[in-house]
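Keep the sequence and the structure side by side.

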Amino acid sequence: MSALAPAPAPPPASAGSADERLAPVSLLRRLLGRPELGAVVGAGAVFVFFCFAADSFLKASSLSTVLYSASTIGIMAVPVALLMIGGEFDLSAGVMVTSSALISSMFSYQMTANVWVGVLVSLLVTLAIGFFNGFMLIRTRLPSFIITLGTFLMLTGLNLGFTKLITGTVSTKTIADMEGFPSARALFASQWTVGSVTLKVTILWWLALVAVATWILLRTRAGNWIFAVGGGADAARAVGVPVVKTRIGLYMGVALCAWISGQHILFSYDVVQSGEGVGNELLYIIAAVIGGCLMTGGYGSAIGAAVGAFIFGMTSNGIVYAQWNPDWFKFFLGAMLLLAALLNAWVRKRAEAK
């Protein structure tokens with residue numbers, strides 16, 4: 001009986017059959033895979049356009065105004081972007097900002113308490129609103145559009161109704177002479193003047209939130225959960241992702257930033273108009289979409305949302321500096337939204353093809 005012949009040795013692996021996951025990735029390919037690429041290109045185009053269209057656009061004082069406008073939108077665009085990456089929306093974000101400011105002002109005034117007491121009460125109530133949105137989404141399984149639209153309408157009515165009931169008018173009473181107001185203003189509404197440049201603290205809040213959100217998305221387990229939930233909640237749940245906690249946490253993140261924005265409004269102007277904030281939720285969503293977030297979830301970045309907010313700041317102020325009719329602003333905003341969405345879709349297809 002003859003011995004079995006040894007099995008032939010496998011052919012040597014060629015360079016083309018090597019594991020492509022280990023192959024080096026070019027810089028261009030990495031850039032094409034970034035969701036904020038389209039927003040950065042668009043921001044550069046808008047900047048160059050207004051440099052030629054408005055002589056005063058490049059002045060230091062003008063750029064500081066642009067940054068301030070961008071920061072007021074960007075503070076909210078960052079958590080809204082994370083929520084959209086998670087596959088959800090929040091149509092109550094705009095009026096929630098006003099609710100936060102109203103609660104701080106009226107609680108402090110009516111209770112004759114230190115302003116910081118009203119600020120902390122406002123934080124708890126605003127976080128509770130965010131928790132309510134997330135909890136109702138989980139319990140009812142209704143679309144987030146319906147849940148947050150209901151919250152939007154309720155908050156709009158409560159803001160106006162409670163303000164008129166307590167103060168007799170549509171605005172709050174002044175709290176500028178109350179204890180704790182100077183320190184609260186220093187945290188939420190301070191500014192620094194260097195030459196002709198005035199920088200407001202909201203710019204620092206904005207940059208800090210972008211940094212934290214980017215770290216969460218790219219360096220933490222929670223960031224993986226957000227992308228997984230946005231890509232498909234059932235599949236994410238099947239691999240052990242805490243879908244309920246992730247969604248509620250995202251809504252509470254929006255509420256936290258709404259509280260920051262609300263305190264800035266209160267301590268900047270001392271009084272709050274109860275009808276403010278309506279419609280701002282669309283600006284936050286627009287900034288996130290321009291920044292590369294998909295309406296279907298699972299794709300986007302906090303940096304892209306920040307760039308989208310910067311485009312908003314450049315456009316809203318650039319039209320004024322160019323001395324154009326401001327009525328055209330919404331037209332330019334809509335055009336930028338469409339162009340950004342088309343560019344983002346093209347970039348994403350190119351990245352997937354490669």
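A residue is called buried at under 20% relative accessible area, exposed at over 50%, and partly exposed in between, using a 1.4 Å probe and protein chains only. By that scale Cys293, at 4% relative accessibility, counts as buried. Cys51 is partly exposed, at 24%. The structure holds zero disulfides, a disulfide being a pair of cysteine sulfur atoms within 2.5 Å.

The model is predicted: local features need pLDDT of at least 70, side-chain atom pairs count only at pLDDT 80 or more, and totals for chains, interfaces and linings use all residues. Residues are numbered from 1 along each chain as its sequence is written, and side-chain values use heavy atoms, leaving out hydrogens and water.

Now find helix α12, residues 280-290. Helices are DSSP runs of H or I, at least four residues long, numbered from the N terminus. Nine of the 11 residues of α12 are buried, so the rest of the structure largely encloses this helix. Among the buried ones are Glu281, Tyr284 and Ile290. Gly292 follows α12, with a positive phi near 110°.

Next comes the packing. A nonpolar core is a set of buried Ala, Val, Leu, Ile, Met, Phe, Trp, Tyr and Cys residues joined through side-chain atoms within 4.5 Å. The largest has 64 residues, and Met76, Met84 and Ile311 have the most contacts inside it. Helix α3, residues 60-85, gives this core its largest share, 13 residues. A second, separate core has 17 residues, including Ala184 and Trp259.

Return to Ile311. Contact means heavy atoms within 4.5 Å. Beyond its neighbours within four places in sequence, Ile311 is in contact with Ala39, Gly42, Ala43, Val46, Ile290 and Met336. Of these, Ile290 belongs to α12.

Methods: Helices (H or I, at least four residues) and strands (E, at least two) are DSSP runs, numbered from the N terminus.
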